Amino acid sequence: MMMNSFKRSLFSIFVIVSILLVGCSSETETGGDNSTSNDNEEEEVNLVFSTISGEGLVRWEAEINAFEEENPNVTIELREYDDDYYNQNAVRLFNSDERPDVAWFWANGFYHDIVESGALLPLDDLYESEGWNNVLTEQTIETHTSTDGNIYSVPESVVLNPIIFYNKKAFSEAGLEEPETFEEFLTFGEPVKEAGYIPWTSGMFNPSQATALLDIAVKRTVSPEHYQRLLDKEDMDYTHPDIVEAFRLMQEMGFNLMPEGVAGTGADEARSLFAQEQAAMYSDASVNAGPGMLGSELPEDFELGSFFYPEAREDAGKTIGYYDGQALMALNDTGKEEWAKKFLAFIMSKERQQLIGETASNFPARTDLSYEDIEETYSAVEADMYESMLEEGTHIIFNTVMPGEYRPAAVPLIQGLIMGQYTPEEFAEEFNDMVNQVHE
């Protein structure tokens, strides 16, 4: 009896131990799987990306879709603003509860106030880890480095300005080739007119191109050191003989190359004159070669060429004005800073930069793309421009470092110069006074 009781007790213990072992085994298997699943599943992340309304939205929608596809746990809301409202209210917006995680903004003007407000995240670590220090121009790195030594923005693309676009057929009929020097360029008027064309046109009614002409003329006639002093405001004397020479070249262009009434010509009208084969040359920014402008406006048999403004003095070279102020930045204190930086790194990768031409007319900010890379998504003339930029080098556009009051004040003076209302020397005095006034 006692033996039976012992056997029953032993059996009971065996059953209990077996159940416990099976339970532990089951918990180990399922618990291990659940633990692995939790490790692999990343938390859901919602980012907000702010920018301005307009054609650029097409590109940002493409960038967002591609990033979300690579990162299924991330959703990015695209918030668009009217550009004037965005520009005027960015400092407040970027410091409010409605601030975005990632923002597109101009790296000039109010940008410096945004930096000083503490709203932005330093990106120095990305410049190092992503190799941006090696693939962005020295000029870009200098431009985007703030006075505290940190970098808070990265240019998502660049624009070259001004470019001279030309009709190859018109040049052939006039017996001309791309000029080697500025003085040679000034002689193109008569043969082009005899071939039946307006020699040169541009939107001289618009501040962007009126001041761009002055920018490039000054850059061509002063030494690189002198130009840098002008940018840094260390030298604000525009009556210097080398600068007066720039004003002479501008006036000679007005007399020899420009049509009557050019001072009242708007950007669209100027481009239309060129597209309709009335003008042999057209001066404007590189974006005008894109599919939304000349790319869709020129006749099918039109042979488009382009060149940078020619050399006027050897040490000044043929660099091109380079606008890299269309920038991306990450916001501070959002709790999603690391994902914001991942999104910036994605947009700035070589693979994504190469695809800009599919949705925009700006050039990649990276300089490590080959002619063949660019030609895959841009036209041949755009690829030529990009290659020329790498060969000739770039310079900061003068009017981008000037106060906001500069351009509207400069335009009527520039128009007066090209129409002969001032001598170059008189213009220098007037321009000198104006620049000093807008800096008061």
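**A friendly walk through this predicted model**

1. Overall make-up. The protein has a secondary structure of 21 helices and 12 strands. Its radius of gyration is 30 Å, well over the 22 Å that the globule rule gives for 440 residues, so the protein is more spread out than a compact globule. Please keep in mind that this is a predicted model.

2. If you follow the C-alpha trace along its principal axes, the spans come to about 130 × 55 × 35 Å. Of the 440 residues, 50% are buried. Among contacts with a separation of 6 or more, 74% are between residues 24 or more positions apart.

3. How is β4 joined to β11? The two strands run antiparallel and are linked by 2 bridges. Val154 has Leu328 in β11 as its bridge partner.

4. In soluble globular proteins, nonpolar side chains tend to be buried together. Here the largest nonpolar core has 82 residues, and those with the most contacts inside it are Phe49, Tyr86, Phe94, Leu120, Trp132 and Phe165. Helix α16 gives the most to this core, with 7 residues. There is also a second, separate core of 55 residues, which includes Ala174, Tyr227, Phe307 and Ala428.

5. A closer look at Phe49. Which residues does Phe49 contact, leaving aside its neighbours within four places in sequence? Among them are Trp60 and Ile64, along with Ile76, Leu78, Val102, Trp104, Leu328 and Phe343. The list also includes Glu77 and Arg79.

6. A buried glutamine. Gln251 sits in helix α13 (residues 241–256). Is Gln251 buried or exposed? With a relative accessible area of 9%, under the 20% cut-off, Gln251 counts as buried. The side chain of Gln251 reaches the backbone oxygen of Leu417 at 2.9 Å. Leaving aside neighbours within four places in sequence, the contacts of Gln251 are Leu417, Gly420, Tyr422, Thr423 and Pro424.

Conventions
Residues are numbered from 1 along each chain as its sequence is written. This is a predicted model: local features need pLDDT of at least 70, side-chain atom pairs count only at pLDDT 80 or more; totals for chains, interfaces and linings use all residues. Side-chain values use heavy atoms; hydrogens and water are left out. Two strands pair if DSSP finds at least two bridges between them. Helices (H or I, at least four residues) and strands (E, at least two) are DSSP runs, numbered from the N terminus. A nonpolar core is a set of buried Ala, Val, Leu, Ile, Met, Phe, Trp, Tyr and Cys residues joined through side-chain atoms within 4.5 Å. Buried means under 20% relative accessible area, exposed over 50%, partly exposed in between (1.4 Å probe, protein chains only). Contact means heavy atoms within 4.5 Å. A polar contact is a pair of N or O atoms within 3.5 Å; within protein, one must be able to donate a hydrogen and the other to accept it, and residues adjacent in sequence count only if both atoms are side-chain atoms. The radius of gyration is taken over C-alpha atoms; the globule rule is 2.2 Å times the number of residues to the power 0.38.
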